[in-house]
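This briefing sets out selected features of the structure shown below.

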Amino acid sequence: MKKDRILNPQLLTAVATTGHTDYLVIADCGLPIPRGVEVIDVSVRAGLPRFMDVLKAIDSELVVESAIVASEIDEKNPQVWQEISDELRGLPIEKLPHEAFKEYTKRAKYIIRTGETSPYANVILIGGVNF
């Protein structure tokens, strides 16, 4: 058994197999899941776990090159946008309209569904390399 950080075996597999330029999505519980994309559902109930808890855990183990969020997050969920910006400090973060964001999720290797219920609490992490 791992001592700390991520313990969930499905999340560990997702981190270990997300390669350079692969998309890994961390989503609120309302984001539509495209057919054919592997879903890791860690939701327990509305609000649990929080989107940011999962993002922080994944970010602690995954090499991230850049990220994508929905542009609506600025207006509809500025607190979570600030938390994302703080967590991914220094990384390029692209903003797309939510409809385009949903289309991009079709390219994801994994979507991690959280219990988050605040609007637009979704991010596409783009895998990087550690060298």
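Tyrosine 120 is partly exposed, with a relative accessible area of 23%, where partly exposed lies between buried (under 20% relative accessible area) and exposed (over 50%), for a 1.4 Å probe and protein chains only. Tyrosine 120 sits in the loop between β5 and β6, and its phi is near 60 degrees, a positive value in a residue other than glycine. The model is predicted: local features need pLDDT of at least 70, side-chain atom pairs count only at pLDDT 80 or more, and totals for chains, interfaces and linings use all residues. Residues are numbered from 1 along each chain as its sequence is written, and side-chain values use heavy atoms, with hydrogens and water left out.

**Other backbone features in loops**

- Threonine 21 also has a positive phi, of about 75 degrees, although it is not a glycine.
- The loop between α1 and β1 holds threonine 21, which counts as partly exposed at 46% relative accessibility.
- A cis peptide bond links leucine 48 to proline 49, with omega near -5 degrees.
- Proline 49 belongs to the loop between β2 (38-41) and α2.

**Overall architecture**

- The protein chain has five helices and six strands; helices (H or I, at least four residues) and strands (E, at least two) are DSSP runs, numbered from the N terminus.
- Their order along the sequence is α-β-β-α-β-α-α-β-α-β-β.
- The radius of gyration of the protein chain is 13 Å, close to the 14 Å that the globule rule gives for 131 residues, so the chain is as compact as a globular protein of that length. This radius is taken over C-alpha atoms, and the globule rule is 2.2 Å times the number of residues to the power 0.38.
- The C-alpha trace spans about 40 × 35 × 30 Å along its principal axes.
- Of the 131 residues in the protein chain, 43% are buried.
- Among contacts (heavy atoms within 4.5 Å) with a separation of 6 or more, 87% are between residues 24 or more positions apart.

- In helix α2 (residues 51-59), the residues Phe51, Met52, Val54, Leu55 and Ile58 are buried.
- These residues lie on the same side of α2, because they cover an arc of only 160 degrees around the axis; the arc is that of the directions from the helix axis to the C-beta atoms.
- The cover over the buried residues of α2 includes α1 (9-17), β1 (23-27), α4 (78-87), β5 (110-113) and β6 (123-127).
- In helix α4, the buried residues are Val80, Trp81, Glu83 and Ile84.
- They too cover an arc of only 160 degrees around the axis, which puts them on the same side of α4.
- The buried residues of α4 pack against α2, β3 (64-70), α3 (73-76) and β4 (93-96).

**Lysine 102 and its surroundings**

- Lysine 102 is part of helix α5 (residues 98-104) and is partly exposed, with a relative accessible area of 22%.
- Not counting residues up to four places away in sequence, lysine 102 touches Leu31 and Pro32.
- The C-alpha atoms of lysine 102 and proline 34 are separated by 8.4 Å, although the two residues are 68 residues apart along the chain.
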